[in-house]
Amino acid sequence: MGLRLYNTLTRAVETFTPLDPAGRQVGLYCCGPTVYDYGHIGNFRTFVFADLVRRFLEYRGYTVRHVMNITDVEDKIIRRVAETGLTLAAYTGRYETAFFEDAQALNLLPPHHRPRATEHMGEIIALVERLLARDFAYQAADGSVYFSIDKYRAAGRPYGCLAKLNFDEMRVGERVKSDEYAKESVADFALWKARAPEDGAVFWPSPWGDGRPGWHIECSAMSMKLLGPSFDLHLGGEDLIFPHHEDEIAQSEGADLQGPGQPFVRHWLHGAHLLVEGRKMSKSLGNFYTLRDLLAKGFNGREIRYLLLSAHYRESFNFTIEGLQGARSALGRIDECLSKLEERAGAAPAAATEVDPALLERFAAALEDDLNISAAWAAVFDWIRDLNRRLAEGALTPTQATAALATWRRLDAVLALGGPTAAEAPAPMLALLEARQAARRAKDFARADAFRLELKSQGWLVEDTPKGPRLKRT
Ligand code: AMP
Ligand code: ZN
């Protein structure tokens, strides 16, 4: 039936058709992290969702060009830079590096492009100039340049279609300088913010004087530069619908770079928020977790990825530590079955065609239906139950076991959870394993055993296999 995705713009599930006339290339932009702190588990829910979209498109044979920007200048960052006394680059660089380490722990495919806002001043300024030339923007008395909602609407351009704003019922404020504001305060928003004393050394020259870009214009400039003025998919968390994405549409379409009848973005996809213990995550409630907090508690990226992948992206997801423990046992069930399959398969060869087409079809059909991951998981767990039964009955031939493993590998191109051999152990555990190996090589078996016991006390079993030792969760 083809891939169907919910489009926030139309509030309907639509068949996904790429702009590419050949139907192969897909441009995907996902708003990236604001690198002012470590990424929290809510942020990573959105990035795991984007990874699922990308991986499933690739599974379906599309060639995806994935762009994720790095917001390395905006209001919150400037405040932190002023507080710490670091340079902008030193401050944001630390969190950008941490973000990509976290992304790797979650097995997120690296985007093809990760443009930084601070490296796109030329494109940002050129876009603001186009908006000024079309009279959709103006410079205010404070020197900042604003997007004029009145002028844009007076020219017959729609504003508010993504967030479904009803202008008859609202009063439009004069202007808003801050990057984040609510629907109730719809107003002319800043494209270029004139340098203020609290900005310190964070400013760039522009035709309107020294200053810095607004957050929204960063994404318009970078997405259109790398994907063209009209592209297929734009993703982000639901909090970005307004004002960020609404403003992106106005700026990008206001610049008139698209061909006739072409929108800036065809499909807008938004992931629902993650709550913790039923409430919005917040430091003051003590329910705020960075990815690093969870790794420090002894959970690994694979378990966290599994949990974040377990719910439909449009449903808000309630994160709990018990849920993470549940993820660990669910993965344990998968791993146990895969290990048994490996044992049963032995060295049996599998022909390339030997996969389980029924499972692959059921799995793909579920994901084609607006990424119905729950149905996809149901297919996987039915399959595992069936395999376990056949393994227990001795009814599975080595060739069938090999085929089942090949099937899992196909699915795992989308799920990216690996198998038991790929069980990801945290670096300190791998270091202990290496120390054990070194002791064994030196024939110091007592020491080697001490390392093994240390690993066991931390929840990891050493298994010696013909391919070398590997770690498995106890
Ligand atoms: P930020 O680093 O704040 O710019 O956010 C990066 C991404 O995380 C954006 O797509 C946000 O919409 C998303 N995000 C922020 N908080 C949450 C949350 N609690 N649940 C899911 N996604 C979130
Ligand atoms: Zn953005």
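## Where two helices meet

Which residues in α1 meet I304, R305 and L308 in α9? On the α1 side they are I41, F44, R45, V48, D51 and R55. Keep in mind that what you're looking at is a predicted model.

By class, the contact of α1 with α9 has 5 nonpolar, 4 charged and no polar residues. As for geometry, the axes of α1 and α9 lie 9 Å apart, and the two helices pack at an angle of about 75°. Since 65 to 115 degrees counts as roughly perpendicular, that is the label for α1 against α9.

## The domain layout

The protein chain is assigned domain 1 (26-275), domain 2 (332-420) and domain 3 (422-473). Taken over C-alpha atoms, the centres of domain 1 and domain 3 are separated by 46 Å.

## Helix α12 and its cover

Helix α12 takes in residues 373-392.

Quite a list of α12 residues is buried: I373, A376, W377, A379, V380, F381, W383, I384, L387 and L391. Their cover includes α1 (41-59), α9 (301-308), α10 (321-345), α11 (357-368) and α13 (398-415). That brings back α1 and α9, the pair whose axes are 9 Å apart. After α12 comes G394, with a positive phi near 70°.

Helix α7 covers residues 241-254. Run the length check here too: 14 residues at 1.5 Å a residue should span 20 Å, and the end C-alpha atoms sit 18 Å apart, which agrees. How many of the 14 residues of α7 are buried? The count is 13, so α7 is mostly covered.

Have a look at P243, which is found in α7. Just after α7, D256 takes a positive phi of about 55°.

## Two lysines with positive phi

K164 isn't a glycine, yet its phi is positive, at about 55°. You'll find K164 in the loop between α5 (149-154) and β7 (173-176). Is K164 buried or partly exposed? Its relative accessibility is 43%, so K164 counts as partly exposed.

K443 also has a positive phi without being a glycine, this one about 60°. K443 belongs to the loop between α14 (427-441) and α15 (445-457). Because its relative accessibility is 63%, K443 counts as exposed; the cut-off for that is over 50%.

M222 is part of helix α6 (residues 215-227). With a relative accessible area of 0%, M222 is buried. What does M222 touch, not counting residues up to four places away in sequence? The contacts are Y29, N69, P115, R116, A117 and H120.

For a sense of distance, take M222 and K472: they are 250 residues apart in sequence. In space, M222 and K472 are 43 Å apart, C-alpha to C-alpha.

Methods. Residues are numbered from 1 along each chain as its sequence is written. Chains are lettered from A and ligands numbered from 1 in the order in which they are written. This is a predicted model: local features need pLDDT of at least 70, side-chain atom pairs count only at pLDDT 80 or more; totals for chains, interfaces and linings use all residues. Side-chain values use heavy atoms; hydrogens and water are left out. Domain bounds come from an automatic or database domain assignment. Helices (H or I, at least four residues) and strands (E, at least two) are DSSP runs, numbered from the N terminus. The expected span of a helix is 1.5 Å times one less than its number of residues. Buried means under 20% relative accessible area, exposed over 50%, partly exposed in between (1.4 Å probe, protein chains only). Contact means heavy atoms within 4.5 Å. Axes are lines fitted to C-alpha atoms, for helices over the stretch in contact, and angles run from 0 to 180 degrees between N-to-C directions. Angles under 35 degrees count as roughly parallel, over 145 as roughly antiparallel, 65 to 115 as roughly perpendicular and the rest as oblique. Ala, Val, Leu, Ile, Met, Phe, Trp, Tyr, Cys and Pro count as nonpolar, Asp, Glu, Lys and Arg as charged, and the others, Gly among them, as polar.
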